[in-house]
Every structure is written in structure tokens, then in C-alpha cells.
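Have the structure open and turn it as you read.

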Amino acid sequence: MAKVSIVMGSDSDMPVMSKAAEVLDQFGISYEMRIISAHREPDTFFEYAKTAEDRGVEVIIAGAGMAAHLPGMCAALFPLPVIGIPMHTTSLGGRDSLYSIVQMPSGIPVATVAINGGKNAALLALKILAVSDKALRDQLKTYTLNMKEEVEAKDARLQENGYQNY
């Protein structure tokens, strides 16, 4: 059973959404990935969102551009957390997507990450799952420690080289 569902409205979203999948793979978390258009195939979308909980999904990561209805509609139908990823768009640079996702009506929350923030969406999903999973929480602590050590190593190289050859 998939704990996380990654859904996007178009295959053009795949470069961003695959970053979420890579993070979930790194942590060994099962997921499903789908391309479903809330506008072009509403019956398929409604079936997907209404049955996600029965499939074992605990968090949905939904990416969308422009009007960005996919995350909000998931949140309207799915009783557990939904994380929206606004996609960069050519017309408004993704601000249209961001505003559409973050400005949900009262009672229908969608957690929202940065434009094209696939990696952070997965990390947020992991943190949500870690609330009830100590082993996952410990993995996240190790991940954070590793990031800290990477930054320290980069700084040490910078200091050793006197800011040159970095």
C-alpha cells in the first residue's frame, strides 16, 4: 500500500514531481504516482481522490499550474493532509499557481511549498508521517544532521582555500 500519493495534472509536471519521488525513495516510503486532470477527466479524478484513503494513502502531494485546482480539489475530497506544489508557468512565473493553492477557502487547507518545490513537498510529507513513526523521525534527524555536516565541510574547504578555488 502506498503511504503517499503523488498526483499531477500533466506529464509536463514530471521533472518537479519526480524530485518528490526521489526523496520518498531515499527514505523507503511507498508511494503511487498518477497523472490525472481534474478538468479533463473529472470522473477519474473524483474516483482517485475519494478512494485514496481506502488505498492506504496518508498524504497527497499534488502539483498544479495556472488555476491549480488539483491540490484544492484533493483537499476537498481527501480527509488527510494535502501538500500543493505550485508549478512554474510561462505566463506569470508560477505566482498564479502559488496564489491559487495557498488561497484556499476556509475549511479546506492545503499545505503549500515553493514554486517547483518537489523536494520540500516530500520532506513535509515525511514529517507528517513521522508524527506517528519514530523510525522515520530518526531518519529525518539523521538527514538534517547530514545537511549540517555538508554545509560545515563546504565552509571548511572555503576557509582552507582562502576563498580561492572554491
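Predicted model: local features only at pLDDT ≥ 70, side-chain atom pairs only at ≥ 80, totals over all residues.

Residues are numbered from 1 along each chain as its sequence is written, and side-chain values use heavy atoms, with hydrogens and water left out.

Is Glu 32 buried or exposed? With a relative accessible area of 18%, Glu 32 is buried; the word buried stands for under 20% relative accessible area, exposed for over 50% and partly exposed for what lies in between (1.4 Å probe, protein chains only). Leaving aside residues up to four places away in sequence, Glu 32 touches Ala 2, Val 4, Ser 5, Ile 6, Tyr 48, Arg 55 and Val 57, where contact means heavy atoms within 4.5 Å. For a sense of scale, the C-alpha atoms of Glu 32 and Asn 161 are separated by 46 Å, and these residues are 129 apart along the chain.

One of those neighbours leads us into the sheet: Ser 5 has Glu 32 as its bridge partner in S2. Strand S1 (residues 4–8) and S2 run parallel and are joined by five bridges, and two strands pair if DSSP finds at least two bridges between them. Along this pairing, Ile 6 stands opposite Met 33 in S2. Five of the five residues of S1 are buried, so S1 is largely enclosed by the rest of the structure. Both of its faces are covered, with Val 4, Ile 6 and Met 8 buried on one side and Ser 5 and Val 7 on the other.

Now step back to the whole sheet. It is open, with five strands in the order S2-S1-S3-S4-S5 and parallel pairing. Strand S2 (31–35) and S5 are the edge strands, each pairing on one side only. Helix H1 (residues 14–26) packs on this sheet and touches S1, S2, S3 and S4, and its direction makes about 170° with that of S1. Such axes are lines fitted to C-alpha atoms, for helices over the stretch in contact, and the angles run from 0 to 180 degrees between N-to-C directions.

In H3, the buried residues are Leu 70, Pro 71, Gly 72, Cys 74 and Ala 75, and they pack against S1, H2, S3, S4 and H4. In helix H4 (residues 95–102), the buried ones are Asp 96, Ser 97 and Ile 101. Looking down the axis of H4, you will find them within an arc of 120°, so they line one face of the helix; the arc is that of the directions from the helix axis to the C-beta atoms. Their cover includes strand S3 (59–64), helix H3 (69–77), strand S4 (82–86) and strand S5 (111–112).

A pair of aromatic rings is described by the distance of the centres and the angle of the planes. Here, rings of Phe, Tyr and Trp (its six-membered ring) pair if their centres lie within 6.5 Å, and planes under 30 degrees apart count as stacked, over 60 as edge-to-face and the rest as tilted. The count comes to three aromatic pairs. In one, the rings of Phe 45 and Phe 46 have centres 5.7 Å apart and planes at 65°, so the pair is edge-to-face. In another, Phe 45 and Tyr 48 have ring centres 6.4 Å apart and planes at 40°, so this pair is tilted. Ring pairs link Phe 45, Phe 46 and Tyr 48 into a cluster. Phe 45 and Tyr 48 are three residues apart in helix H2 (residues 42–51), about one turn of the helix, and both are buried. Phe 46, in contrast, is partly exposed at 32% relative accessible area.

Finally, take in the whole chain. It has six helices and five strands, running β-α-β-α-β-α-β-α-β-α-α from the N terminus on. Of its 166 residues, 38% count as buried.

Definitions and conventions:
Helix = DSSP H or I, 4+ residues; strand = E, 2+ residues; numbered from the N terminus.
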